[in-house]
Amino acid sequence: MAVRQVITWGDPRLKNKNLDVEDWTPELDQLVADMFETLSAHEGAGLAAPQVGINIRLAVIDVSGGADPAQKIVLINPEIIREEGEQIGEEGCLSIPGVSEVLKRPMKVCVKSRKPDGAWEELEAEELQARAFCHEIDHLRGRLFVEHLGPVKRDIIQRKYQKQRRD
Ligand code: NI
């Protein structure tokens with residue numbers, strides 16, 4: 001396993017179209033293992049393949065920060081099929097280090113996701129895990145969490161972020 005480099009806001013690969021995963025290969029097993037390693041190294045809750053420069057519809061989630069193997073979830077070609085309620089809370093992204101903003105998300109989601117063997121499963125999540133599902137599925141559509149904010153607020157955050165990166 002290896003920690004991969006996480007690309008950051010402004011890198012065009014975060015905005016590229018992400019392709020559906022077709023055949024499962026040993027390279028994808030390796031990628032998933034590396035993504036969990038990368039996630040735990042950065043103490044994040046989720047990581048999408050485009051964030052390590054690979055434009056496919058794959059993401060990993062672990063809201064336990066590596067503490068509980070049962071919390072490790074791999075999303076493959078995921079789609080949100082139901083959402084319920086709302087939660088308002090702070091959100092951040094490994095591709096936008098140093099930035100966190102309060103964002104509204106559904107309290108519960110149900111996601112349809114493929115398994116490596118090609119079968120489909122439905123995964124239910126709530127609270128922090130539901131937030132992570134939504135955030136990662138956004139990445140797979142080329143969308144960053146700051147794009148949920150209004151244009152004025154996003155602009156202020158972007159300028160502050162760019163200045164901080166230069167300094
Ligand atoms: Ni993110």
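Predicted model: local features only at pLDDT ≥ 70, side-chain atom pairs only at ≥ 80, totals over all residues.
E86 and K104 form a salt bridge, with their closest N and O atoms 3.8 Å apart. E86 lies in the loop between β4 (79-84) and β5 (87-92), while K104 belongs to strand β6 (residues 100-105), so the pair ties together parts that are 18 residues apart in sequence.

E86 has a relative accessibility of 49% and counts as partly exposed, because exposed requires over 50%. K104, at 54% relative accessibility, counts as exposed.

Another salt bridge joins the side chains of D155 and R159, at 2.6 Å from N to O. Both residues lie in helix α3 (residues 151-166), where they are four residues apart, about one turn of the helix.

D155 is partly exposed, its relative accessible area being 35%. R159 counts as exposed, with 53% relative accessibility.

## The D167 and K163 pair

K163 forms a salt bridge with D167, and here the closest N and O atoms are 3.1 Å apart. D167 counts as exposed at 69% relative accessibility. K163 has a relative accessible area of 47% and is partly exposed.

In total, the structure holds 14 salt bridges. Side chains of opposite charge can pair when their charged atoms come close.

Notes. Residues numbered from 1 in each chain as written. Heavy atoms only, no water. Salt bridge = Lys/Arg side-chain N within 4 Å of Asp/Glu carboxyl O. Helix = DSSP H or I, 4+ residues; strand = E, 2+ residues; numbered from the N terminus. Buried < 20%, exposed > 50% of the residue type's maximum accessible area, 1.4 Å probe, protein only.
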